[in-house]
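Please look over the sequence and the model shown below before reading the briefing, which moves from the sheets to the overall fold.

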Amino acid sequence: MRVGSRGIVLLVCVLPAVVAGGARAGTAKSTAVRTADAAIRQLNAERAATGIPGRIVENRAWSERCLEHARWMQRNHLVQHEETPGTPMYSPAGVWAASRAVLSGGYPWTTHGTPWDSAPMHLAQLLSPQLRRMGVGLFRGWACATTLPGYGRGRAHRNVVYAYPSGHTLARWREHANEAPFTPQRFVGIDPAQATGPYLLVFADGPWLSSPESPTLQLASLTGPEGEVEVRFIDHSSPDVGPYLPAGSGMVIPVHPLRRGTTYTATVILASRTSRISHTWSFVTRG
């Protein structure tokens with residue numbers, strides 16, 4: 001494990017057996033994207049659909065470096081945040097990208113999702129409103145997307161909270177999160193092998209991110225047609241999951257799968273020493 005310049009620990013990604021992505025149930029057939037520009041457009045659209053600022057711009061130098069590492073991963077059939085000197089396709093550019101990106105192997109980035117759709121800690125790094133610039137390298141289904149060097153200060157001029165999924169984005173009704181080095185649910189008393197409801201991601205944005213202590217998740221609830229749904233939550237202040245998450249972010253995890261084609265309403269409270277915000281939103285699960 002490595003720690004980035006913003007204190008976020010780099011994630012060890014895995015092969016497609018445990019990192020899901022691709023077409024989303026209930027949507028039109030997805031198509032694999034093959035360029036950095038297309039990948040960033042898809043991510044910007046996904047962010048904007050939920051209200052998260054979607055104005056990420058490409059850094060072409062970072063994309064070229066990420067492409068070098070994607071080629072190295074494909075050639076050596078390894079997904080890791082380093083390159084071993086002397087191995088085929090080894091390059092200093094690839095080494096730079098490997099230590100600053102989320103990685104995936106063997107599963108494509110598509111018009112309807114990233115390779116990290118079932119990897120919530122990875123996805124949180126990509127959806128964070130603080131992410132402003134990135135590079136993407138895609139090679140034969142292997143993906144490298146920089147996160148750490150592209151973070152900036154909060155975009156909003158006032159304290160706000162964003163949530164995913166929300167807005168026009170349909171939520172999966174059942175999720176089997178699986179990522180390395182672990183899945184977050186194990187730290188809130190849910191068996192890592194258990195399928196849950198969709199991971200709900202929340203992000204603080206605005207001036208309170210610059211305070212000595214970023215806002216933390218104080219309370220979370222979820223209701224549906226049959227009443228309150230059991231949830232657990234965890235955030236960036238957790239000693240286990242926290243180092244992998246952007247500042248001011250957290251996760252709400254329904255303990256059991258939800259109902260298909262159903263509207264749910266979630267509420268969270270985030271608070272810092274100087275500010276406290278209650279945020280409520282609704283989402284619909286796929287039919």
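How many bridges join β6 to strand β7, and in which sense do the two run? In this predicted model, β6 and β7, the latter spanning residues 200-205, run antiparallel and are joined by five bridges. Within this pairing, tyrosine 162 stands opposite phenylalanine 203 in β7.

**The sheet that holds β6 and β7**

- The two strands belong to an open sheet of four strands, arranged in the order β6-β7-β11-β10 and paired in the antiparallel sense.
- Its edge strands are β6, covering 160-164, and β10, covering 231-235, each of which pairs on one side only.
- From one strand to the next, the twist of this sheet averages 20°.
- Helix α4, made of residues 120-127, packs on the sheet and touches β6, β7 and β11 (249-254), while its direction makes about 35° with that of β7.

**The sheet that holds β12 and β13**

- Another open sheet, also described by antiparallel pairing, has four strands in the order β9-β8-β12-β13.
- Here the edge strands are β9 (227-229) and β13, and each of them pairs on one side only.
- Neighbouring strands of this sheet are turned against each other by 25° on average, with direction ignored.
- Strand β12 (residues 263-271) and strand β13 (residues 276-284) run antiparallel and are joined by nine bridges, and a hairpin of four residues leads from β12 to β13.
- Across that pair, threonine 267 stands opposite threonine 280 in β13.
- Strand β8, which comprises residues 216-224, pairs with β9 in the antiparallel sense over three bridges, and glycine 224 has glycine 227 of β9 as its bridge partner.

**The protein as a whole**

- The secondary structure of the protein consists of four helices and 13 strands.
- A compact globule of 287 residues would have a radius of gyration near 19 Å, and the 18 Å found for the protein therefore agrees with that expectation.
- Taken along the principal axes, the box filled by the C-alpha atoms is roughly 55 × 40 × 30 Å.
- Of the 287 residues in the protein, 57% are buried.
- Among contacts in the protein with a separation of 6 or more, 71% are accounted for by residues 24 or more positions apart.
- The protein exposes about 12000 Å², of which carbon and sulfur atoms supply 50%.

Conventions:
Residues numbered from 1 in each chain as written. Predicted model: local features only at pLDDT ≥ 70, side-chain atom pairs only at ≥ 80, totals over all residues. Heavy atoms only, no water. Pairing = 2+ DSSP bridges. Axes fitted to C-alpha atoms, helices over the stretch in contact; angles between N-to-C directions. Contact = heavy atoms within 4.5 Å. Rg over C-alpha atoms; globule rule 2.2 N^0.38 Å. Buried < 20%, exposed > 50% of the residue type's maximum accessible area, 1.4 Å probe, protein only. Areas by Shrake-Rupley, 256 points an atom, 1.4 Å probe, with all protein chains shown as cover.
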